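This report describes a structure shown below, taking the contact between chains before the chains themselves. Each section keeps to one topic.

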Amino acid sequence: MADRPPRAGAGLKPEHQRHILEARPDVDWFEVHAENYMGAGGPPHHFLERVRALYPLSVHGVGLSIGSANGMAPGHLGRLKSVVDRYQPFIVSEHLAWSTHDGIFLNDLLPLPYTEATLSLVARHLDEAQTVLGRRILIENPSTYLRFEADGMPETDFLRALARRTGCGLLLDVNNVVVSAANHGFDARAYLEGFPYEHVGEIHLAGHAVLESDGEALFVDTHDRTIAPEVWSLFRDVIARRGVCPTLIEWDSDVPVWPVLEAEVRQAQSVLQTAGELDARAA
Amino acid sequence: MPAQPDGNGLADLQHRFARAVLQAALSVPDGIDQDVRPTRERRFGVYRKNVKASLAAALAARFPVVERLVGEEFFTAMALVFIEQHPPRSPVLAEYGAAFARFLEGFDPAAELPYLPDIARLEWSRQVAYHSADAGVAYVGRLAELPPEALDSVRLGLHPAMAVIASPWPIVSVWTTNTHDETPQAPAADWTGETALVTRPHLDVLVQRLPPGADLLVAELAQGIALGAAAEAVSRAHDSFDLATALATLFGAGAITTLSQGSSS
């Protein structure tokens, strides 16, 4: 592997791990969902130990619920710390969302109203999480299907304020921007022009579905197909603004054979490669 | 937790949101943008579907034989009832489904298949075994190396992934044919009960039939009873108990991790 910071990576799926260990594909890094590695032992840890020995790893939490008004998922920060301590990832990330309420886990990333009260709550939880983990966490912009009457600030302002207040970084999911923009009728390009790039430590790319009903479309963040052309195009703009940044292809449902996922990683790699050469020339 | 002035509003919103996500009969909670196209009902429906479909898929992945026995459509309907009554309590989804077998016992529409709950128990034990702690296994040869006088006092340690499911139904036969055969074999006319042994000596989860009385031996061993006393207790309760066959099965499946001598019990 080249001696430079990791560029394009892929989500690690159980379907691919044997192949990855045998073929050792030329991919810079892998990302896993923390919650899949919270058991005591067995095949998940067996394979992740081996992949971790060969590649840099990022741990992406999907269950901490930093936006829950009644507190984050009970006991979960300790579990997340065990995974992080064991695997020493180069990135740890979570979501601007909530999923646990009154001890019940709703298996989705649910939306938050963007208010000062929400900001204080999320910042307080994030302070606690970063203190317990002893490191910076990146927070991902959500894909959303509805908005709240209480919304008082744009998402980009909320994320910027959160990063300033807590020192957290941001994970910019370009597909989420496209999904939310379509669902709420805003311009994805304008949103991305206002994004606080100085805090961005990782980029996600994924596929989405368009569900039509009575001539009205909702975009759904499905992670079950190739990345849309619009997302690739915006990704090039994002890299031009942000500079080279670790970029992940997420594919979590209808997982394809490895070469299909690897081709998406190659495409991201080539965008980053070109930008890297331009950066080097400018330096 | 002391409520903040308007943090309270968020708790209230999340309470109503969570209830409406799980219960299809409830209307979309207040506080969501109203004058929008597509409608807020359709938008809220995406969250409902995400939550329920993902949990139903998790259950289907965990209980594939139960799904095959009742059919996909019936399984999904049954899973949705279970999800409403027993939503997950942890973000670690590997832990979700422990209550499914008990739920099936009381699920009237599936009463025609009285063995379904025990099949679910077997499948749940496989799920637990997959994620349980790792441990090295002892080979049966270790037993043969012991001097004959030491056999009675040896204590056998059980693997953390091991589970035993005793059933009045032939659950191992039903599970096996529905797992490995393209067309499941018809059940034998005289169904006899079977006891399943689930183990994971290394990476693969194994399922096999335990010979008569072996489940009782496992229960004795689990209490730290020495082999001699354990075998004697099982023989008293079970005429046809054969210690050699039981040990060969347990060691062969990787159910035993340690052999130790000592007086603790």
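## Contact between chains A and B

In this predicted model, 39 residues of chain A are in contact with 41 residues of chain B. On the chain A side, at least two residues each come from helix H2 (43-54), strand E5 (98-101), strand E6 (104-110), helix H4 and strand E11 (216-220). E6(A) gives the largest share, six residues.

By residue class, the side of chain A that touches chain B holds 18 nonpolar, 16 polar and five charged residues.

## Overall form of chain B

Chain B contains 11 helices and five strands. Its radius of gyration is 24 Å, whereas the globule rule gives 18 Å for 265 residues; the value is well over the rule, so chain B is more spread out than a compact globule. Along the principal axes, the C-alpha atoms of chain B fill a box of roughly 85 × 50 × 30 Å.

The chain is divided into domain 1, residues 1-113, and domain 2, residues 134-265. Taken over C-alpha atoms, the centres of domain 1 and domain 2 of chain B are separated by 38 Å. Of the 265 residues in chain B, 36% are buried. Among contacts in chain B with a separation of 6 or more, 70% are between residues 24 or more positions apart.

## B:Phe74

Helix H4 of chain B, residues 72-85, includes B:Phe74. This residue has 14 C-beta neighbours inside 10 Å and therefore counts as partly exposed; the buried class would require 20 or more, and the exposed class 12 or fewer. B:Leu93 is 19 residues from B:Phe74 along the chain, and the C-alpha atoms of the two are separated by 22 Å.

## Helix H3 of chain A

Helix H3 of chain A covers residues 76-87. At 1.5 Å a residue its 12 residues should span 16 Å, and the end C-alpha atoms are 17 Å apart, which agrees. The buried residues in H3(A) are A:His76, A:Arg79, A:Leu80 and A:Val83. Seen down the helix axis, these buried residues fall within an arc of 100°, so they line one face of H3(A).

Strand E3 (57-60) and H4 of chain A are included in what covers the buried residues of H3(A). On the face turned away from the buried side are the exposed residues A:Gly78 and A:Asp85. Just after the helix, A:Gln88 has a positive phi of about 45°.

## Helix H5 of chain A

Buried in H5(A) are A:Glu155, A:Phe158, A:Leu159, A:Leu162, A:Ala163 and A:Thr166. They cover an arc of only 130° around the axis, and this places them on the same side of H5(A).

That buried set packs against helix H4 (116-133), strand E7 (138-140) and strand E8 (169-173) of chain A. A:Gly167 follows H5(A) and has a positive phi, near 75°.

How values were computed. Residues are numbered from 1 along each chain as its sequence is written. Chains are lettered from A and ligands numbered from 1 in the order in which they are written. This is a predicted model: local features need pLDDT of at least 70, side-chain atom pairs count only at pLDDT 80 or more; totals for chains, interfaces and linings use all residues. Domain bounds come from an automatic or database domain assignment. Helices (H or I, at least four residues) and strands (E, at least two) are DSSP runs, numbered from the N terminus. The arc is that of the directions from the helix axis to the C-beta atoms. Two residues are in contact if their C-beta atoms, placed from the backbone, lie within 7 Å. Ala, Val, Leu, Ile, Met, Phe, Trp, Tyr, Cys and Pro count as nonpolar, Asp, Glu, Lys and Arg as charged, and the others, Gly among them, as polar. The radius of gyration is taken over C-alpha atoms; the globule rule is 2.2 Å times the number of residues to the power 0.38. The expected span of a helix is 1.5 Å times one less than its number of residues.
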